Amino acid sequence: MGYLFFFFFFNILFLDIDVWLCAHFRAKKGVMEFLCCQAEIGKLIREKTEELNDIGAALAFVHHHVLSMMHKSETGLSMPDVFPSCALQSASGKLCRCRGMIQEVEPNISFYRASRSDFFGAAEEENMALLEATLLYVIPVPGNSHFYRVPQETMSEERAAMHNVPAVGQVFGDRKRRERSDGPLQSSALEREMKQFRQEVVFQSDGASQPMRQLSLYQKLNLPHPPLSGFLHTACVVTVIQHPAVERDRLRINDVVDFFGFLDEDSAMTGDRMAACPLDEFGAFASWHAEQIPPSLLSRMTCISWKKVFSTPICPVPTNYFETKRPLVLLYLANTICQGDALLAEYILLHLSARVITHESATPVGDIPLRVEAQAIDPEMWSSFMRSISPVGEVLLDASLLSSVDLRIVPRQDHMANVLRTGVLQLANGTHVTLDCQAVSKASNALHEALFAVMHKQVLPLEYPYQLHELPIDLSFLALSTARISEEMELLRLAVSVRWQPELPMAAMDLTNLSAEDVQDYFSHVRCVCRRFVSEDNSQAHRLAEKLVCFSHSEPSWNNHDPFIHNNSFSMAAALMRACAASFGRETISDGDIDHILLLERDRVARRC
């Protein structure tokens, strides 16, 4: 009976959180300062722990508390950003945001030592709680140029990142608040030798060793691609303490997340201050896989709340926003990258509006790989344009990248260093990938196999010593080719292929008054539109099937008869219709979406790709 009362009280407490917050705000002055103060957050955790008699429930309350404040704030809370790390000296004790991609999840369970009286303070044995925690290795989103405010660079990329940074190999500061679950660590000559070996040697995807000093800085940080700014040579180890809210909303590798929390003391220290810090045994030996990276490049955060950047908003954007913006975005695309080709502009808009909704029987549903064919096409120019309007990021796979001797394709476990070494195909969910078809066709069979998995199965192979794990992903692929589709390798014979017919010069006047940022905002909102399947409406499903069958009879060359379901013309037509609905801000397909897509498909087939 007591348990039922607690459960009921706990749920009512969360239902009334807004009421509590409003009353609390009225009683406080300087709300913004209150929200960003570590001492006050610690006080709130203590008060809720005493009230609920459960520190996990108190942390879950604080998690929702911070998110509610974010939602209520009209202009957003002012807080330091962890990326780039060049301004973290003033972040001590302040609530910070770390927006990035989860590159790796520490496989070992850790424990966070928390004081019941002062959560962020030193924990004494008689007043200590051991809380299960997960360590996440978070990096700046690869290929992203708009999430981060970076200073103007006046030096080379690596020098900018390493400016006023202690030498690689310098020790970390305090690590006493985190312990692993595998018992106390014992110092030994063997451990010191292994640590030295791990610092000096890394292993490439083919198993060959390579000295650490020969690696580029982005490879030392385990970034899949060189960052767009030297100041983004950085990463953050985020500690997420387990509580009910964590279990309800799982965080996975490649997710793009806003983490809110407080940095460890050493993350805001300069080299001089670090030199004075004592080193404990845990900090020296078990600082995960980045022990050779100085704290000026590798921050550490204790997370108290988080949210996925592209989750469905609490208050969805009105549909009239999409209905007003869509024709302007379409005209912007036609007058810029498509150079007057209105049909291609429609397909680019649908391509960027699509995303993986789910996986059914190992087949992704919702994404639209798009192939563009032309007599001459510049992949670098197209990639640069896509980066300016893509909401998550843009990466170009061209000859210079794919022919590199240091190319790592997919993440692979380095068993000597216990590290999941990243690869060029590990990207944040939602990233746009531009393919140079000519370069891809000349690449290795290993790349072809991996690219087939990520493009047509939407899974990222994670290679471990005794198993291959396939991680569900969500990437958008644009293949640019100068060959006829009949001459293309099978991997690149995409069901949706448009022959580009430019009519205007690239410098043609854009009359929409939209900026690239406006277009990017539109696609960000489209990405957050919920996509639903109306299973109870069988009549619409029958009408759709009948229309597609009739269309395939009237346009025999439309159906590619591909036995692989994801690349079949019927599947791609359904994906185009879902993307069309989302581009108008609608959750489900309408009859108008069906008719619009069939009209576009008829025009596309007429170009005889």
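A polar contact here is a pair of N or O atoms within 3.5 Å; within protein, one must be able to donate a hydrogen and the other to accept it, and residues adjacent in sequence count only if both atoms are side-chain atoms. The case I have in mind is T431, whose side chain reaches the backbone oxygen of A428 at 2.6 Å.

Before going on, the ground rules. This is a predicted model, in which local features need pLDDT of at least 70 and side-chain atom pairs count only at pLDDT 80 or more, while totals for chains, interfaces and linings use all residues. Residues are numbered from 1 along each chain as its sequence is written, and side-chain values use heavy atoms, with hydrogens and water left out.

Back to T431. It sits in the loop between β15 (419–421) and β16 (432–436); helices (H or I, at least four residues) and strands (E, at least two) are DSSP runs, numbered from the N terminus. Is T431 buried or exposed? T431 is buried, with a relative accessible area of 0%. Buried means under 20% relative accessible area, exposed over 50%, and partly exposed in between, with a 1.4 Å probe and protein chains only. Setting aside neighbours within four places in sequence, T431 is in contact (heavy atoms within 4.5 Å) with V392, G393, E394, V395, D474, L475 and S476.

Now the whole chain. It has 21 helices and 20 strands. Of its 609 residues, 56% count as buried. Among contacts between residues at least 6 apart in sequence, 78% join residues at least 24 apart.

Helix α13 covers residues 342–353, and its twelve residues should span 16 Å at 1.5 Å a residue; the expected span is 1.5 Å times one less than the number of residues. The end C-alpha atoms of α13 are 17 Å apart, which agrees. Eleven of the twelve residues of α13 are buried, so this helix is largely enclosed by the rest of the structure. Among the buried ones are E346, Y347 and H351. What caps the N-terminal end of α13? D341 does, with a side-chain oxygen 3.2 Å from the backbone nitrogen of L343.

Just after α17, Q458 takes a positive phi of about 50°.

Then two helix pairs. Axes are lines fitted to C-alpha atoms, for helices over the stretch in contact, and angles run from 0 to 180 degrees between N-to-C directions. The axes of α4 (residues 38–52) and α5 (residues 55–72) come within 8 Å and cross at roughly 130°. These two helices are therefore oblique to each other. Angles under 35 degrees count as roughly parallel, over 145 as roughly antiparallel, 65 to 115 as roughly perpendicular and the rest as oblique. Residues of α4 at this meeting include I41, L44 and L52, and those of α5 include I55, F61 and H65.

Q38 also lies in α4. Q38 and F119 are 81 residues apart in sequence and 9.8 Å apart in space, C-alpha to C-alpha. Beyond its neighbours within four places in sequence, Q38 is in contact with G93, F120 and F262.

The other pair is α19 (residues 538–554) and α21 (residues 591–606), with axes that come within 11 Å and cross at roughly 15°. They are therefore roughly parallel to each other. Residues of α19 that meet α21 include R543, K547 and F551; on the α21 side they include D591, D595 and E601.
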